[in-house]
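Hi,

Here is the structure I promised to pass on. Have a look at it first, and then read my notes below.

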Amino acid sequence: MSASDALDWSLIDTVLLDMDGTLLDLSFDNHFWRDLVPQRYADLNGLAFEEAWVRLKPKFRAVEGTLDWYSIEHWSRELGFDVASIKLDARERVRFQPGADQFLDRLAVLGKRRVLLTNAHPLALAIKNEQVGLTRHFDALYSTHPFGLPKEDPAFWPRFHDRERFDAARTLFVDDSLPVLRAAHAFGVRWLRAVLRPDSTQPRRAQAEFVSVDYVAELI
């Protein structure tokens, strides 16, 4: 991020922040979906791990970009086992991205309204909140599920705005998903930042569409 791209904090009142891949290390979710879920599916269906992946990939692709992709109830029905229990058993791997919790504390010092906005299912949000204590860092936490649409759907944003009356021209939104950032941009959110290293164990992503940082801590 160049000096010309720096945020003018005097023009920002509200900071909307994604959870997984932005504040929390996406390595947990990648491990969950790529390792733990396929292994449980393989064990229950008498399959090799590789064959389980072959069967699961079309199921994942079919709901990508919809709330079902994030729904614990959907996947528990679809896969035939309690997905939440696996997430709960693995919760010790949930952790903040480098410097993310300190970043949230700095926002409080600056007097900014801190709002968590995630596509994660409310139960997944509750598990992660219990593990890392998200509520103590935020003024409000929202899952998109009660709104009936994910963040990448442009129709979500008016619904959300009816609940959280932020001034889009004086709002910063940070997310690791380009489709989500595009929807926020279409709604009129002025300040947008993309996270390039949602999974701290993986190389940074390449994108030139939005001003970007490796981690949210770099924004202050």
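Phe-28 and Phe-32 are four residues apart in helix H1, so about one helical turn separates them. Before I go on: this is a predicted model.

Trp-33 and Phe-60 are both buried.

How many aromatic pairs does a search of the whole structure find? It comes to 20. Phe-28 and Phe-32 make one that is stacked, at 6.4 Å between centres and 15° between planes. There is also an aromatic cluster made up of Tyr-142, Phe-147, Phe-156, Trp-157, Phe-160, Phe-166, Phe-173 and Phe-187.

Two charged side chains are worth a click as well. Lys-87 lies over the face of Phe-32, 4.0 Å from the ring centre. The charged end of Arg-40 sits over the ring of Phe-81, at 6.0 Å from its centre.

On to the cores. The largest nonpolar core has 48 residues, and the ones touching the most other members are Leu-17, Leu-23, Leu-104, Leu-134, Leu-172, Val-216 and Leu-219. H1 gives the largest share of this core, six residues. Leaving aside residues up to four places away in sequence, Leu-104 touches Leu-17, Leu-23, Phe-96, Arg-114, His-137 and Phe-138. A second, separate core has 21 residues, among them Phe-166, Ala-168, Leu-181 and Leu-192. Phe-166 is also a member of the aromatic cluster above.

Last, helix H4, residues 72–79. Which of its residues are buried? They are Ile-72, His-74, Trp-75, Ser-76 and Leu-79. The cover over them includes helices H1 (27–45), H2 (49–63), H3 (67–70), H5 (83–89) and H7 (122–132). At the start of H4, a side-chain oxygen of Ser-71 comes to within 3.4 Å of the backbone nitrogen of Glu-73. After H4 comes Gly-80, with a positive phi near 85°.

Cheers

Conventions:
Residues numbered from 1 in each chain as written. Predicted model: local features only at pLDDT ≥ 70, side-chain atom pairs only at ≥ 80, totals over all residues. Heavy atoms only, no water. Buried < 20%, exposed > 50% of the residue type's maximum accessible area, 1.4 Å probe, protein only. Helix = DSSP H or I, 4+ residues; strand = E, 2+ residues; numbered from the N terminus. Contact = heavy atoms within 4.5 Å. Polar contact = N/O pair within 3.5 Å; in protein donor to acceptor, adjacent residues only side chain to side chain. Phe/Tyr/Trp six-rings, centres within 6.5 Å; stacked < 30°, edge-to-face > 60°. Lys NZ or Arg CZ within 6 Å of the ring centre and 35° of its normal. Core = buried A, V, L, I, M, F, W, Y, C linked by side-chain atoms within 4.5 Å.
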